[in-house]
Amino acid sequence: RCGRTKCLKQYCHCFRNDIRCGADCTCTDCHNDGKHEEKRIEAIRHIRMNNPGAFKGTSLELDEQTVTTPRGSVRHVRGCRCK
């Protein structure tokens with residue numbers, strides 16, 4: 001069922017809700033199982049770059065931070081801006 005996406009896309013209910021796929025899931029070649037954390041983290045970063053609002057309501061949701069610049073202005077920053 002998740003052969004092409006390997007459960008690392010928002011289509012996977014477990015991945016979308018920050019839950020690892022388990023024995024109850026009907027996945028094939030799953031990478032959301034706790035054994036492929038580097039690939040999982042890479043997928044999360046890629047999704048966030050395209051959709052900062054992804055994973056809303058989970059522990060993976062990005063928090064907004066307020067930063068004061070050296071010139072004294074206040075900016076709202078959401079996550080990492082590096083590419």
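**Entry 1: Asp 29 and Lys 6**

I began with Asp 29, which at 46% relative accessibility counts as partly exposed. The model is a predicted one, and I read every value below with that in mind. I then looked for a charged partner and found that the side chain of Asp 29 forms a salt bridge with that of Lys 6, at 2.6 Å from N to O. I noted where the two residues lie: Asp 29 sits in the loop between helix H1 (13-16) and helix H2 (37-50), while Lys 6 belongs to the segment before H1. The pair thus links distant parts of the chain, 23 residues apart. I checked the accessibility of Lys 6 as well and recorded 27%, which makes this residue partly exposed.

**Entry 2: salt bridges around Arg 20**

Next I examined Arg 20. Its side chain meets that of Asp 18 in a salt bridge, with an N to O distance of 3.8 Å. I also found Arg 20 in a salt bridge with Glu 37, at 3.2 Å from N to O. Glu 37 lies in helix H2 and Arg 20 in the loop between H1 and H2, so this pair ties together parts that are 17 residues apart in sequence.

I looked up the accessibility of both partners. Arg 20 has a relative accessible area of 34% and is partly exposed; Glu 37, at 27%, also counts as partly exposed. I then asked which residues are linked in the network of salt bridges. I list Asp 18, Arg 20, Glu 37 and Arg 40 as its members.

**Entry 3: helix H2**

I turned to the geometry of H2. The helix has 14 residues, and I recorded a span of 20 Å from its first C-alpha to its last. This is close to the 20 Å expected at 1.5 Å a residue.

Which residues of H2 are buried? I noted Arg 40, Ala 43, Ile 44 and Ile 47. They cover an arc of only 100° around the axis, which puts them on the same side of H2. I recalled the general rule that an α-helix has 3.6 residues a turn, so residues three or four places apart point the same way.

I then inspected the other side of H2, where Glu 38, Glu 42, Arg 45 and Met 49 are exposed. Finally, I asked what covers the buried residues of H2. I found H1 to be included in that cover.

**Entry 4: cross-reference**

Terms used: Residues numbered from 1 in each chain as written. Predicted model: local features only at pLDDT ≥ 70, side-chain atom pairs only at ≥ 80, totals over all residues. Heavy atoms only, no water. Salt bridge = Lys/Arg side-chain N within 4 Å of Asp/Glu carboxyl O. Helix = DSSP H or I, 4+ residues; strand = E, 2+ residues; numbered from the N terminus. Buried < 20%, exposed > 50% of the residue type's maximum accessible area, 1.4 Å probe, protein only. Expected span 1.5 Å × (residues − 1). Arc of directions from axis to C-beta. Contact = heavy atoms within 4.5 Å.
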